[in-house]
Amino acid sequence: MKKNIKKLFQKSLNLDSIYEESKKNPSKNVAEISHIAEFKKQSSNIIIFPLDAKENHSENYSQYLGKTLTHISQLKDINFEYALEDPKITEGVPKISFEKKILVLDLDETLIHADFDEEFSPEEYDTIITFKAKKEEEKTIEDSDSTICCLSEVDEEDTHSVGIFIRKGVKHFLEEVNKYFEVGIFTASVKEYADAVISFLDPENKLIKFRLYRNNCINFNDSFTVKDLRIFKNVDMKKIVLIDNSMYSFAAQINNGILINTFINDKNDNELYNALKYLINYILPANDIREVNEQFFNFRQIIDDIIKCK
């Protein structure tokens, strides 16, 4: 059961629906379709074997940073904005007010860790989350050359449970950042599971103002997901920041990202306290978040140096 739920995290960017819609609706914007196809073509020429985010920990930070930024340097000519023309990716994206800067938070391994692999005993969990997700059934697709087995969703639902570890200081962090930022979640997880976790973290629905899910991410060749912040059409990139434990999430806007160490179940973890200090002392007063991040982290400079050395 757990393995099936994990496979729900692995849905690809599907262009077929765009082409089918264009057949039904001839007035469909031809440029939009060609842009999506162009993104698919650009990305198909690049093969990256991404690092597991579990390698992003304090003892391995420099190595993780160097390897992931080397990967991201290969994406310099990719126009991720073309992928945002897929209506499935932009589905459900809210309009956000300009009154505050925007703080976008990743969920898994940033705020919590879900033990889908059952590596820990139930007694160790901080809580157990129960949620419903559509059932999957295995289908076999055959052609003249091969036989492929795949999972597809059916209308029925299954109930699932998973043990959760909560990162130290989450409640305090969410309460404090809400005083200064418009706060939301952008997760690479599916909606059913993510909503159950977010509802546990924010039972009164006061702290998390918006939610984006797996379908809103750009899937790059089934290798990793990118969270393109231009998905918020009415937001100035100077005023939005994403905290995530995966460097690949920032690939489209490297200087809008704050990389946080991956959380599993460390009870002595202080990453959220450190992130809160940085947000309040440096991001909050910044005229341009991107400039401040670059001064501290040098992600863009590192990428430029990697490209020059090739």
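Buried means under 20% relative accessible area, exposed over 50%, and partly exposed in between (1.4 Å probe, protein chains only). The model is predicted: local features need pLDDT of at least 70, side-chain atom pairs count only at pLDDT 80 or more, and totals for chains, interfaces and linings use all residues. Residues are numbered from 1 along each chain as its sequence is written, and side-chain values use heavy atoms, with hydrogens and water left out.

**Exercise 1.** Classify C217 and C309 as buried or exposed, and state how many disulfides there are.

*Solution.*
- C217 has 6% relative accessibility, so C217 is buried.
- C309 has 70%, so C309 is exposed.
- With a disulfide taken as a pair of cysteine sulfur atoms within 2.5 Å, the count is 0.

**Exercise 2.** Describe the surroundings of T187.

*Solution.*
- T187 sits in the loop between β5 (181-186) and α8 (191-201); helices (H or I, at least four residues) and strands (E, at least two) are DSSP runs, numbered from the N terminus.
- Its relative accessibility is 0%, so T187 is buried.
- Leaving out residues up to four places away in sequence, T187 touches residues including D106, D108, R214 and C217 (contact: heavy atoms within 4.5 Å).
- A polar atom of the T187 side chain lies 3.0 Å from the backbone nitrogen of S189.

**Exercise 3.** Characterise the packing of α4 (residues 61-73) on α11 (residues 299-309).

*Solution.*
- The two axes, lines fitted to C-alpha atoms over the stretch in contact, with angles from 0 to 180 degrees between N-to-C directions, come within 9 Å and cross at roughly 65°.
- Among the residues that meet are L65 and L69 in α4, and I302 and I306 in α11.

Terms used
A polar contact is a pair of N or O atoms within 3.5 Å; within protein, one must be able to donate a hydrogen and the other to accept it, and residues adjacent in sequence count only if both atoms are side-chain atoms.
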